Amino acid sequence: MTRRQELARLLRALSGKTQEDFAEAIGSHPSLIGLIEIGRADPGDTVLRTMARAAGLDLADARLLLDEHERLARFRRQRLNGEVDLMSALPERLRDHLSAALRRLWTLPRPVPLPCTGDREKAHEQWRLLEAVPATLRQAVTRADKELWNWALCELLCEQSEKAAGRSVEEAAGLAQLAEEIASLVRGPEGFCRRLQGYTAAHRSNVHRVAGELKPARVALERAKALWHSGDDPFGLFDPGRLLDLEASLCRGERRFEQAVS
């Protein structure tokens with residue numbers, strides 16, 4: 001990552017805000033914050049000054065904090081103690097800022113590859129492996145293997161859930177639940193992750209519909225829609241009409257035929 005990208009990460013850590021809240025504070029879009037933090041966009045000084053103000057600093061002090069953070073991180077990697085002594089050279093006005101920010105910054109996820117269409121090919125390979133695992137163990141396997149935290153695997157599991165619904169509601173429910181579990185683990189821009197969670201929640205709703213559980217299906221679908229609309233898909237990967245199709249099916253099940261075709 002560039003130094004400006006690392007500085008942007010530090011400033012959000014100092015603010016204690018989510019990507020969405022920090023973006024609102026600086027008058028930007030959450031997807032931009034996400035792209036900066038995964039190393040795919042480089043903020044200029046104007047953006048950094050705005051970020052610094054949102055974190056209660058000026059840009060010069062923020063750069064001092066980044067210098068000190070990098071120095072402390074080197075000692076931390078060497079498993080040395082004495083953080084207070086290491087900060088003694090820092091101006092007093094900045095010590096509280098850095099002490100509070102360090103632990104938040106160290107817990108921020110490191111850059112991950114951006115979602116792309118190529119992830120779908122990997123998802124098919126991953127599903128072939130998962131399919132051979134007993135259904136009762138799949139959730140534990142996916143939690144343990146970060147390689148399976150793939151948005152496209154969630155998408156594929158949703159497709160498999162829909163196919164299975166005609167032969168076994170139990171199997172369809174297991175696949176939809178697994179998709180939701182993986183969606184909660186996927187790393188990436190926050191807006192994209194919320195849209196993914198909305199996508200998988202909609203397929204959980206579909207399982208309720210097939211089982212004749214129309215009220216739970218409607219509750220699950222409304223939650224899915226809220227997640228979907230609160231997120232975004234800057235990469236153009238999701239079918240924008242998918243939730244509409246699922247809602248139309250539910251409306252027919254609820255005998256709300258006019259809404260089903262609107």
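Author: Start with a definition: an axis is a line fitted to C-alpha atoms, for helices over the stretch in contact, and angles run from 0 to 180 degrees between N-to-C directions. Helices (H or I, at least four residues) and strands (E, at least two) are DSSP runs, numbered from the N terminus. The model is predicted: local features need pLDDT of at least 70, side-chain atom pairs count only at pLDDT 80 or more, and totals for chains, interfaces and linings use all residues. Residues are numbered from 1 along each chain as its sequence is written, and side-chain values use heavy atoms, with hydrogens and water left out.

Now the pair. Helix α2 covers residues 19–26, and helix α3 covers residues 30–37. Their axes come within 8 Å. They cross at roughly 115 degrees. Angles under 35 degrees count as roughly parallel, over 145 as roughly antiparallel, 65 to 115 as roughly perpendicular and the rest as oblique. α2 and α3 are therefore roughly perpendicular to each other.

The crossing also has a hand. A crossing is left-handed if the near helix is turned anticlockwise from the far one by less than a right angle, and right-handed if clockwise. α2 passes α3 in a right-handed crossing.

Which residues meet? Contact means heavy atoms within 4.5 Å. From α2 come Gln19, Glu20, Phe22, Ala23 and Ile26. From α3 come Pro30, Ile33, Gly34 and Glu37. The residues of this contact divide into five nonpolar, two polar and two charged. Here Ala, Val, Leu, Ile, Met, Phe, Trp, Tyr, Cys and Pro count as nonpolar, Asp, Glu, Lys and Arg as charged, and the others, Gly among them, as polar.

Next, glutamine 5. Its place is in helix α1, residues 3–15. Leaving out residues up to four places away in sequence, glutamine 5 touches Ile36, Gly39, Arg40, Ala41, Asp42 and Pro43. Buried means under 20% relative accessible area, exposed over 50%, and partly exposed in between (1.4 Å probe, protein chains only). Glutamine 5 has 4% relative accessibility, so it counts as buried.

Now the whole chain. It comes to 15 helices and zero strands. Of its 262 residues, 46% count as buried. Take the contacts between residues at least 6 apart in sequence: 70% of them join residues at least 24 apart.

Valine 210 and alanine 165 are 45 residues apart in sequence, and 6.8 Å apart in space, C-alpha to C-alpha. Beyond its neighbours within four places in sequence, valine 210 is in contact with Ala165 and Val169. At 32% relative accessibility, valine 210 counts as partly exposed.

Glutamate 181 lies in helix α11, residues 169–183. Its relative accessible area is 16%, so glutamate 181 is buried. Beyond neighbours within four places in sequence, glutamate 181 is in contact with Gln139, Thr142 and Arg143.

Last, the cysteines. A disulfide is a pair of cysteine sulfur atoms within 2.5 Å. The structure holds zero disulfides. The sulfur of cysteine 154 is 6.9 Å from the closest cysteine sulfur, in cysteine 158, too far for a bond. Cysteine 154 is buried, at 0% relative accessibility. Cysteine 251 is buried too, with a relative accessible area of 2%.
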